[in-house]
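Good morning, and thank you for coming.

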Amino acid sequence: MDPAFWKHFRRSRGAFIGMIVVAALALIAVLADVVAPYAPDTQFRDALLLPPAWLEGGSWNFVLGTDPVGRDILSRLIYGARFSLFIGLIVIALSLCGGVLLGLVAGFFRGSLEIVILRLMDIILAVPSLLLALVIVAILGPDLFNAMLAIAVVYLPHYARLTRASVIAQSKRDYVTASRISGARNLRLMFITILPNCLSPLIVQATLGFSSAVLDAAALGFLGMGAQPPTPEWGTMLADAREFILRAWWVVTFPGLAILITVLSFNLMGDGLRDALDPKMKRA
Amino acid sequence: MIRFLLLRLAQIIPAFIGVSLIAFAFIRLVPGDPIEVLSGERGIDPERHAELMAKFGYDKPLHQQYFDYLYNLAQGDLGASLVTRKPVLSEFASLFPATLELSIAAMLFALVLGLPAGIIAALRRGKPADHILMGSALTGYSMPIFWWGLLLIILFSGILQWTPVSGRISVIHYVTPVTGFLLIDSLLAGDIDAFQSALRHLILPAITLGTIPLAVLARQTRSAMLEVLGEEYIRAARAKGLTPWRVVLLHALRNALIPVLTTIGLQVGVLLAGAILTETIFSWPGIGKWLVHSIFSRDYPSVQGGLLLIALCIMAVNLLVDILYGMADPRIRHARE
């Protein structure tokens, strides 16, 4: 890595904290089997809706309390980290690949192909992301994978537009002309000459997109159109616990807090990356 | 200006055709053919099935069906809801004011807090006030609003018992609809109790829905202000000896508001997406809750019509913002022409 980049990145305390939290979350997700006190679906019939340990009636066996069917909330949250990070990774991988390909083609070949791609992206942007995702899930059927697919489609335009803009800017540079004159073919020009120079804004967008993906997947789960119970996905956990909000605040509070912390740390990291990689770029 | 308008319209028409294609395709892509969907769980005998396929034109070639669909659209016919049997357009029209009232309240909440927060953060750049405000803004921006709404319910409805948990107004009040906005209608009727009830019902959903726009506005206002404060004309204004407040509010803010205006326009989509979640949490009888309900009850004509109408609203607002933007800043208009 470029040392100047690190200097910038580390100077922003928020970005550094964000990165540490993200690393910790990844570690927890990978080591869930070791870290979690119980399996996510073990039910303790004699410990239903137990409050967190520090409250009256709580027990240190269940640090964050238990849910209405007696499952340990802490364990479910730990396993839930797996789902959230997995969802983020898959969604970003899908929409980044698709978007970069579309943007590269649009920016490199221009002409009618570009117009078609841009208008297609306009269509996706004309519908609120969550509504479009809901409609796609209604067609495909509600489950976690379909929800991820739907969210990936919804985020395509961001990557496509960003890639197209940087490809157009780079194509005018002398190094591209030089490469073209020395006989490089289109595919080589696109993927090996131009693409690596368009990566900085894409990295920033992908980091910020990760948080949106986690948020939208949780929202779909909350609406019953994402991961289905008893999956310990955070949004689904919230939906399950909704009817108990006035009786047992902890079943609602902790899963949401987990979502907030994850999303916030990715946003902190994304902001720091943007400042370090490209001070001029503004959040879209 | 006319050229600019025509250019924008030329961009919108393909997007509208695209959305109409998605809406058209939607009802044919969901599991089961349209007649099976329409007849619901009970099933239907094959003879009647073929008869209905012919009656609704589903046996025609697809492109013919699409043109028929567009023809009906042009006449304002979006089909009828499977649940209530009422036309989708009138269902939408009867629920839309509730969503609009909620969205306007949310946007006001966002503006009233977001603009001053952004201005203060810009003026105190790098100071603790800036860090606290921008830290809060990023937290608000990262907020899962469906959880935020539930937290507000726990605190204000559960523990403090200040506000009701759900709905738009207490059932004991009846307000004759005039504008569809309960706050205005109850005042027109002179019913103060109903007004208070409507207001108390509105506060929590408006805060929930307004939180993300608030965060975005605060961040955007800060960066727009910082940019403007570095300009020569601000230095000139200061050098003339104008009071700092005059410089900030009259000279800087006016120019900083131009990009902020676009942000407000872009938030309309965010608000409508947020309304889906907010209305579900607070049982707010608007189009967001209606759409979710329609998806779950497999009332696909309603989903189809709602999708199209919402996209239409968003495109209209974006066009309006572009026109305002062009009027507010001639540089933009000429650059885009």
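This is a predicted model: local features need pLDDT of at least 70, side-chain atom pairs count only at pLDDT 80 or more; totals for chains, interfaces and linings use all residues.

Residues are numbered from 1 along each chain as its sequence is written, chains are lettered from A and ligands numbered from 1 in the order in which they are written, and side-chain values use heavy atoms, with hydrogens and water left out.

Let us turn to the interface. Chain A contributes 38 residues to the contact and chain B contributes 45, where contact means heavy atoms within 4.5 Å. The size of an interface is often given as the accessible area lost when the parts come together. Here the two chains bury about 3,700 Å² between them, 81% of it on carbon and sulfur atoms; buried area is the accessible area (1.4 Å probe) that two parts lose on being put together, summed over both.

How many salt bridges cross the interface of chain A and chain B? The rule finds one, asking for a side-chain nitrogen of Lys or Arg within 4 Å of a carboxyl oxygen of Asp or Glu. The partners are A:Asp271 and B:Arg219, at 3.2 Å from N to O.

On the side of chain A that touches chain B, at least two residues each come from α5 (111-126), α6 (129-140), α10 (199-222) and α12 (249-277). Helices here are DSSP runs (H or I, at least four residues), numbered from the N terminus. The largest share of that side, 13 residues, is supplied by α12(A).

Next, the core. A nonpolar core is a set of buried Ala, Val, Leu, Ile, Met, Phe, Trp, Tyr and Cys residues joined through side-chain atoms within 4.5 Å. The largest one has 135 residues, and A:Leu220, A:Val251 and B:Phe146 touch the most other members. Its largest share, 13 residues, comes from α10(A).

Finally, consider A:Leu238, which lies in helix α11 (residues 234-241) of chain A. Is A:Leu238 buried or exposed? A:Leu238 counts as buried because its relative accessibility is 0%, and buried means under 20% relative accessible area (1.4 Å probe, protein chains only). Leaving aside neighbours within four places in sequence, its contacts include A:Phe222 and A:Ile259, as well as B:Phe146, B:Trp147 and B:Leu150 of the other chain.

Methods. Buried means under 20% relative accessible area, exposed over 50%, partly exposed in between (1.4 Å probe, protein chains only).
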